[in-house]
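Let's work through some exercises together. Keep the viewer open, try each task yourself, and then follow the solution step by step.

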Amino acid sequence: MIRRQYQKLMALFYDPFMDSLEKELIKHRRFLIGKIDKGPVLEVGAGTGVNFDLYPDHLEIYAIEPSMPMYKKALKKAKNKPNIHLFNIGLEEVSGHPEIPESFQYILSTLVLCTIKDPEKGAARYHHLLKNDGKLLVLEHIHSGENFYGKLQKLVNPVWKPIADGCNLTRRQDEILKNNGFEAIDEKYFKLGTDWYRAIMKK
Ligand SMILES: C[S@@+](CC[C@H](N)C(=O)[O-])C[C@H]1O[C@@H](n2cnc3c(N)ncnc32)[C@H](O)[C@@H]1O
């Protein structure tokens with residue numbers, strides 16, 4: 001019940017909250033989506049559908065979003081985009097879903113592994129769902145380490161996490177993916193308020 005209220009707030013304020021960051025983030029979203037040359041594509045945790053306008057029309061996109069308030073927002077952005085197939089499900093429900101392919105040429109994961117409950121299992125699911133010659137496209141904010149800012153993130157995380165619907169400020173998604181069978185073929189660490197990681201990865 002309370003979780004649902006936080007999800008509603010998150011869906012309401014996500015786009016305005018992200019607005020100032022998006023001026024920079026959009027370049028990284030465009031970079032990753034620009035690498036996609038064929039489908040099928042799985043977009044995990046599509047949120048409000050912030051990536052939908054960036055896909056070319058010829059690509060078949062299977063987008064999943066488990067939070068109903070976020071899903072409803074994404075549904076509006078997917079309107080008039082017949083190549084975007086949006087499902088109100090989590091990553092755990094993709095395998096075996098009758099309307100979703102068994103494997104994908106690309107998986108796009110932007111700002112998702114910070115939120116997924118068990119990121120190790122999430123990474124293993126990405127591995128399972130990606131074709132052998134497929135690519136994982138990742139954009140994530142990551143923990144800043146043992147500097148002042150990183151210590152502050154650890155301090156703030158218990159308060160931040162419930163407000164931001166499970167988002168963690170203390171994860172190293174780059175390490176989690178590398179420890180779970182992925183290798184970066186192109187990676188970039190950058191600062192935008194906090195520390196960020198962008199990568200194209202293969203199995
Ligand atoms: C911070 S938002 C990111 C939204 C969007 N991908 C973006 O780039 O702005 C994280 C999203 O991941 C979703 N999420 C959380 N757990 C998930 C899971 N197990 N499977 C799929 N998506 C999940 C949340 O509902 C939320 O919409």
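**Exercise 1.** Find which residues form one aromatic cluster with Tyr62.

*Solution.* The cluster consists of Tyr62, Phe87 and Phe104. Before going on, note that this is a predicted model, in which local features need pLDDT of at least 70 and side-chain atom pairs count only at pLDDT 80 or more, while totals for chains, interfaces and linings use all residues. Residues are numbered from 1 along each chain as its sequence is written, and side-chain values use heavy atoms, with hydrogens and water left out.

**Exercise 2.** Find how many aromatic pairs the whole structure holds, and describe the pair of Tyr62 and Phe87.

*Solution.* 
- Step 1: know the rule. Rings of Phe, Tyr and Trp (its six-membered ring) pair if their centres lie within 6.5 Å; planes under 30 degrees apart count as stacked, over 60 as edge-to-face and the rest as tilted.
- Step 2: count. The search of the whole structure gives four aromatic pairs.
- Step 3: look at one of them. Tyr62 and Phe87 are stacked, with 6.5 Å from centre to centre and 10 degrees between the planes.
- Step 4: Tyr62 belongs to strand S2 (residues 61-64) and Phe87 to strand S3 (residues 84-87), so the pair ties together parts that are 25 residues apart in sequence. Helices (H or I, at least four residues) and strands (E, at least two) are DSSP runs, numbered from the N terminus.
- Step 5: check burial. Buried means under 20% relative accessible area, exposed over 50%, and partly exposed in between (1.4 Å probe, protein chains only). Tyr62 has 14% relative accessibility, so Tyr62 is buried. Phe87 is buried too, with 11%.

**Exercise 3.** Decide why the pair of Phe190 and Trp196 is stacked.

*Solution.* The ring centres of Phe190 and Trp196 are 6.2 Å apart and their planes stand at 15 degrees, so the pair is stacked. Phe190 is buried at 12%, and Trp196 is buried at 2%.

**Exercise 4.** Find which residue lies over the face of Phe31.

*Solution.* A charge sits over a ring if NZ of Lys or CZ of Arg is within 6 Å of the ring centre and within 35 degrees of the ring normal. Here Arg198 lies over the face of Phe31, at 3.6 Å from the ring centre.

**Exercise 5.** Work out the order of the strands in the sheet.

*Solution.* 
- Step 1: learn the pairing rule. Two strands pair if DSSP finds at least two bridges between them.
- Step 2: read the order. Seven strands make an open sheet, S3-S2-S1-S4-S5-S7-S6, with mixed pairing.
- Step 3: find the edges. S3 and strand S6 (183-192) each have a single partner strand, so one side of each is left without a neighbour in the sheet.
- Step 4: follow some pairings. S2 and S3 are parallel over four bridges, and Ala63 has Leu86 in S3 as its bridge partner. S1 and S4 are also paired in the parallel sense, over four bridges, with Leu42 opposite Ile107 in S4. S4 and S5 run parallel and are joined by six bridges, and Leu108 stands opposite Leu137 in S5.
- Step 5: check how covered S4 is. Seven of its seven residues are buried.

**Exercise 6.** Is Arg29 buried or exposed, and which residues is Arg29 in contact with?

*Solution.* Start with the location: Arg29 lies in helix H1 (residues 2-33). With a relative accessible area of 1%, Arg29 is buried. Contact means heavy atoms within 4.5 Å. Leaving aside neighbours within four places in sequence, the contacts of Arg29 include Val50, Leu54, Thr110 and Leu139.

**Exercise 7.** Which residues of helix H2 (residues 68-78) are buried?

*Solution.* In H2, the buried residues are Pro69, Met70, Tyr71, Ala74 and Ala78. Just after H2, Asn80 takes a positive phi of about 65 degrees.

**Exercise 8.** Sum up the whole protein: how many helices and strands does the secondary structure have?

*Solution.* There are five helices and seven strands. Along the sequence they follow the pattern α-β-β-α-β-β-α-β-α-α-β-β. Of the 203 residues, 49% count as buried.
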